[in-house]
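Keep the viewer open and follow each part as it comes up.

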Amino acid sequence: MTMFQVSVEEMFSAGHALRGYRGKCENPHGHNYRVRVTLEGPQLDSVGLLYDFAHLKRTLREVIGTLDHQFLNDLAPFDAINPSAENIAKFFHQETSRHMGEAPNSPRITSITVWETDDASATYTP
C-alpha cells in the first residue's frame with residue numbers, strides 16, 4: 001500500500017535531572033530540545049495534503065508551550081517518571097495524539113523523535 005508521510009519540527013528549552021542515574025546527568029541541567037512529529041497515511045485530502053503543516057505545527061507548539069523554559073522534573077508526568085529523552089518522546093506522542101483527535105481516514109503518528117543535542121536523540125514509535 002502506498003503511504004505518504006509528513007513531518008514537522010519545533011524546538012524548546014527546558015531543564016531536567018535524571019533521578020537514579022550515575023553521572024553528570026543526575027545533576028540539574030538543561031537542553032535546547034528539538035522535536036520531530038511524523039504522520040503517515042494512505043490518502044490525501046481534496047487539496048492534495050495528508051495533513052496541514054500549519055495545523056500540525058500549531059498542535060506541536062501547544063504541547064511545547066507546557067514544557068518550554070520549565071524544569072521538567074516539577075511537571076506531570078515527569079514528577080513521577082524520569083524526564084529522559086525516551087519518556088519525553090512518549091509524552092509528545094500521547095499529548096499530540098490527544099490534541100489531534102481521531103477522525104476517520106486521518107493520518108496516524110508513526111514516530112516522535114526528541115533531540116537533546118545535535119547528535120543525541122530518542123525516537124518513540126507507537
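The sections below go from the whole chain to the sheet, the helices and a few individual residues.

## About the model

This is a predicted model, in which local features need pLDDT of at least 70 and side-chain atom pairs count only at pLDDT 80 or more, while totals for chains, interfaces and linings use all residues. Residues are numbered from 1 along each chain as its sequence is written, and side-chain values use heavy atoms, with hydrogens and water left out.

## The chain as a whole

Let's start with the overall layout. The protein chain has two helices and four strands, where helices (H or I, at least four residues) and strands (E, at least two) are DSSP runs numbered from the N terminus. Read from the N terminus, the order of elements is β-β-α-α-β-β. The C-alpha trace spans about 50 × 25 × 20 Å along its principal axes.

Of the 126 residues in the protein chain, 39% count as buried; buried means under 20% relative accessible area, exposed means over 50%, and partly exposed lies in between (1.4 Å probe, protein chains only). Among contacts with a separation of 6 or more, 66% come from residues 24 or more positions apart, with contact meaning heavy atoms within 4.5 Å.

## The sheet

The four strands make an open sheet in the order S1-S2-S3-S4, with antiparallel pairing; two strands pair if DSSP finds at least two bridges between them. Strand S1 (4-16) and S4 are at the edges and have a single partner strand each, so one side of each is left without a neighbour in the sheet. On average, neighbouring strands of this sheet are turned by 20° against each other, direction ignored. As background, strands of a sheet pair through backbone hydrogen bonds, either parallel or antiparallel.

Now walk across the sheet pair by pair. S1 and S2 are joined in the antiparallel sense over 13 bridges, and Glu9 stands opposite Arg36 in S2. Strand S2 (residues 29-41) also pairs with S3, again antiparallel, over seven bridges; here Leu39 has Ile109 in S3 as its bridge partner. S3 and strand S4 (residues 120-124) run antiparallel and are joined by five bridges, with Ser121 in S4 as the bridge partner of Trp115. S3 and S4 form a hairpin that has two residues between them.

How enclosed is strand S3 (residues 108-117)? Eight of its 10 residues are buried, so S3 is largely enclosed by the rest of the structure.

## The helices

Next come the helices. H1 lies across S1 and S2, running at about 20° to S1. H2 lies across S1, S2, S3 and S4 and runs at about 140° to S3. For these angles, axes are lines fitted to C-alpha atoms, for helices over the stretch in contact, and angles run from 0 to 180 degrees between N-to-C directions.

The axes of helix H1 (residues 53-65) and helix H2 (residues 85-100) come within 10 Å and cross at roughly 125°. That makes H1 oblique to H2; angles under 35 degrees count as roughly parallel, over 145 as roughly antiparallel, 65 to 115 as roughly perpendicular and the rest as oblique. From H1, the contact is made by Leu56, Thr59, Leu60, Glu62, Val63 and Ile64, and from H2 by Phe91, Phe92, Glu95, Thr96, His99 and Met100. These contact residues divide into seven nonpolar, three polar and two charged. In that grouping, Ala, Val, Leu, Ile, Met, Phe, Trp, Tyr, Cys and Pro count as nonpolar, Asp, Glu, Lys and Arg as charged, and the others, Gly among them, as polar.

## Residues worth a look

Asn32 lies in strand S2 and counts as exposed at 53% relative accessibility. Leaving aside residues up to four places away in sequence, Asn32 touches Met11, Phe12, Ser13, Trp115 and Glu116. Asn32 and Ala54 are 22 residues apart in sequence and 22 Å apart in space, C-alpha to C-alpha.

The loop between H1 and H2 holds two backbone features to check. Most residues other than glycine have a negative phi, and most peptide bonds are trans. His69, in the loop between H1 and H2, has a positive phi near 55°, and counts as exposed at 63% relative accessibility. Pro77 lies in the loop between H1 and H2 too, and the peptide bond from Ala76 to Pro77 is cis, with omega near 0°.
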